[in-house]
Amino acid sequence: MKSLIEEKKIQAVVRLIEWERIFLHMDVEITYAADADKNSPLDFYIVDDMYDSPARMQLIRHEGNRYHLRLNMTNSGENVCVPSGNYRIYVCQNDVKMADCEIDPKIVRDMGNCSRNFFYNNGKKVYAVNFYVEEGSDTLPLRMQILAAVQTVMQFPKTNHFRDKIHPIQDIKSTWLAKRNVLRKMYAGFVRLNRAKRNHTILFMTEQNKVIASNLKAVSERMKERGLDNDYQILFSAREAAAGSQSIKSWIQLMEKLAKSGTVVLDDHAPCLDWLQLTSDTKVLQLWHAGAGFKSSGYSRWGHQGCPDAVSCHRQYDYGIAGSKNIAHFFSEVWGMNDELVLPTGMPRMDEYLNAGYRAKKTEELYKKYEFCKGKKVMLFAPTYRGRGKKTAMYPYDLIDFKGLYEACGKDWVVLFKMHPWVADSVPIPEEYKDKFKDVGKYPNINDLFYITDLLITDYSSNIFEYSLMKKPMMFFAFDKIQYAFSRGFHRPYEESAPGKVCSTFDELLKAFREEDYEFEKVEEYVRYHFDHIDSNASDRVIDWLILGNIPKEIQEDITRREKDNAHRKTLDFLPEGYRRNHELGIVEEVE
């Protein structure tokens with residue numbers, strides 16, 4: 001690549017460095033020389049010590065000579081973390097190096113505060129991002145160091161003996177006979193046996209539940225309705241492996257099903273795919289059940305307790321789905337993949353929910369099941385759980401003022417309590433309030449309850465996604481929003497995005513309820529932003545776009561554009577003239 005850096009036609013100074021979760025933001029001010037080209041666009045590449053570029057920084061906005069850039073540390077543009085290395089930032093114009101970014105002298109002293117450590121693997125590993133100024137220069141060249149590190153021994157080394165190093169039986173157990181190694185070999189063997197059939201075999205798989213439900217059920221049943229089970233062999237695997245151990249037979253069956261399948265359809269994180277890499281010709285589709293709540297998960301929680309490793313199940317997804325193009329980036333952030341690969345099909349599980357006949361049938365059934373709701377207005381209290389996961393999930397029932405809520409209901413209202421499925425303890429409803437209160441935690445489908453609900457009380461749950469289509473009010477009891485923001489994190493400003501009144505205390509909630517202060521006007525805007533399609537055809541879109549491969553032209557163009565950008569970046573050689581790479585030594589050396 002040609003370089004005009006020495007001619008100083010362009011000077012680039014970083015005026016601001018800040019973080020937004022996993023996103024590194026930089027403001028770069030450009031100064032042009034009198035004879036510089038001020039019209040051609042600029043590209044900003046991070047370049048390592050071997051003069052290779054793993055990523056081009058994303059231009060967020062351009063105001064005059066000020067460029068606001070962003071870099072996703074968990075996705076360099078090819079669904080992988082930005083690799084370890086020492087980086088400079090080159091400004092390029094028409095594939096010519098024009099400037100090496102410098103740091104503003106005013107923020108040099110604060111560069112240490114700009115560094116960030118992302119802990120993962122239960123705190124045993126860290127992905128560290130540090131900034132410094134390269135020495136030996138008259139200017140202040142900005143450098144970024146990324147290091148993926150692990151825990152080290154914090155004591156003096158001891159003398160090792162030969163017998164301490166040779167453990168043949170333990171070595172055999174930890175290699176040839178290790179459970180995961182055996183399963184990987186088993187998977188590879190099954191792949192060889194089934195290679196001819198794989199293109200027409202689909203596996204619907206969950207490691208979170210014992211049954212196939214939600215989006216997986218909707219899509220698989222729709223495939224059968226369309227007669228596609230004549231063209232494809234449809235397999236199912238439903239296990240609670242994410243929460244408990246499984247039998248040897250169960251593991252063998254899963255390996256065989258995965259090996260037979262050219263397409264694997266998931267509904268959530270599958271822990272076994274954190275360590276089992278599927279063959280490159282396997283298409284993996286993520287049909288996550290969540291519509292779009294507030295709480296962060298996956299790579300949006302990078303650096304927080306329970307976040308995924310740098311290499312995980314998420315890295316194997318080819319496509320994911322969302323309710324609209326507007327919210328696709330929330331999901332791509334979670335999965336560490338490109339925005340273009342999250343397609344706005346809508347949620348298949350909502351096809352039935354939006355079906356008028358199904359709604360009428362379920363409404364009648366619900367009024368028969370919960371007769372005390374007839375002729376009354378129904379409040380549904382349905383928050384998410386607290387705790388790190390399924391094993392520790394709970395809800396602080398002591399925060400609910402049952403007496404105050406009972407009195408506020410008067411003669412017109414009744415309350416249904418539907419806690420998150422992971423919360424094992426039932427709602428402790430006092431006996432004297434059971435004529436208006438009922439725990440419906442065992443009712444299988446919360447969406448059905450929305451038909452008879454007049455007011456939803458929740459917090460950070462994604463159930464607002466479905467409920468919003470009922471065009472009814474909702475309120476948010478967010479007593480721990482500050483703690484939740486730090487422990488789990490939010491995709492976006494919580495109070496600005498919540499489609500209803502946000503209350504920090506139960507007294508505030510009761511006051512707003514009595515006064516009907518729901519801030520209902522927020523619901524319409526929420527629906528407009530989160531739904532590209534409001535119909536019963538999401539399952540068909542998933543089948544047509546993702547399984548059959550008929551992706552709409554405009555979406556495919558976006559995907560192809562990103563692929564071309566990545567391919568073009570790899571053709572760029574940032575190596576200075578007169579130098580060559582010595583890959584054996586891992587250095588760049590001057591040509592003799």
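I started with a definition: a disulfide is a pair of cysteine sulfur atoms within 2.5 Å. The model I looked at is predicted, so local features need pLDDT of at least 70, side-chain atom pairs count only at pLDDT 80 or more, and totals for chains, interfaces and linings use all residues. Residues are numbered from 1 along each chain as its sequence is written, and side-chain values use heavy atoms, with hydrogens and water left out.

**Entry 1: cysteines**

How many disulfides does a search of the whole structure find? I found zero. I then checked Cys92. Cys409 is in no disulfide either; the nearest cysteine sulfur belongs to Cys373, 11 Å away.

Next I looked up burial. Buried means under 20% relative accessible area, exposed means over 50%, and partly exposed is in between (1.4 Å probe, protein chains only). Cys92 has 1% relative accessibility, so I noted it as buried. Cys409 has 2%, so it is buried as well.

**Entry 2: the whole protein**

I counted 18 helices and 26 strands. Helices (H or I, at least four residues) and strands (E, at least two) are DSSP runs, numbered from the N terminus. The C-alpha atoms fill a box of roughly 90 × 60 × 60 Å, taken along the principal axes. Of the 592 residues, 51% count as buried.

I also looked at contacts (heavy atoms within 4.5 Å). Among those between residues at least 6 apart in sequence, 68% join residues at least 24 apart.

**Entry 3: helix α10**

Is helix α10 largely enclosed or exposed? Six of its eight residues (402-409) are buried, so the helix is largely enclosed by the rest of the structure. The buried ones are Phe402, Gly404, Leu405, Tyr406, Ala408 and Cys409. I looked up what covers them: the list includes β19 (377-381), β20 (413-417), β21 (437-439) and α15 (506-515). Gly410 follows α10, and its phi is positive, near 60 degrees.

**Entry 4: aromatic rings**

A pair of aromatic rings is described by the distance of the centres and the angle of the planes. Rings of Phe, Tyr and Trp (its six-membered ring) pair if their centres lie within 6.5 Å; planes under 30 degrees apart count as stacked, over 60 as edge-to-face and the rest as tilted. By this rule I have 34 aromatic pairs.

I picked out Trp288 and Trp335. Their pair is edge-to-face, with 6.2 Å centre to centre and 65 degrees between the planes. Trp288 sits in the loop between β16 (283-286) and β17 (319-321), and Trp335 in helix α7 (residues 328-335), so the pair ties together parts that are 47 residues apart in sequence. Both Trp288 and Trp335 are buried.

Then I went back to α10 for Phe402. The ring centres of Phe402 and Phe437 are 6.4 Å apart and the planes are at 50 degrees, so this pair is tilted. Phe402 lies in α10 and Phe437 in strand β21, so the pair ties together parts that are 35 residues apart in sequence. Phe402 and Phe437 are buried. They also belong to one aromatic cluster, whose members include Phe381, Tyr406, Phe417 and Phe506.

**Entry 5: His530**

Where is His530 found? I located it in helix α16 (residues 521-530). His530 has 3% relative accessibility, so it counts as buried. A polar atom of the His530 side chain lies 2.9 Å from the backbone oxygen of Tyr526.

How values were computed:
Polar contact = N/O pair within 3.5 Å; in protein donor to acceptor, adjacent residues only side chain to side chain.
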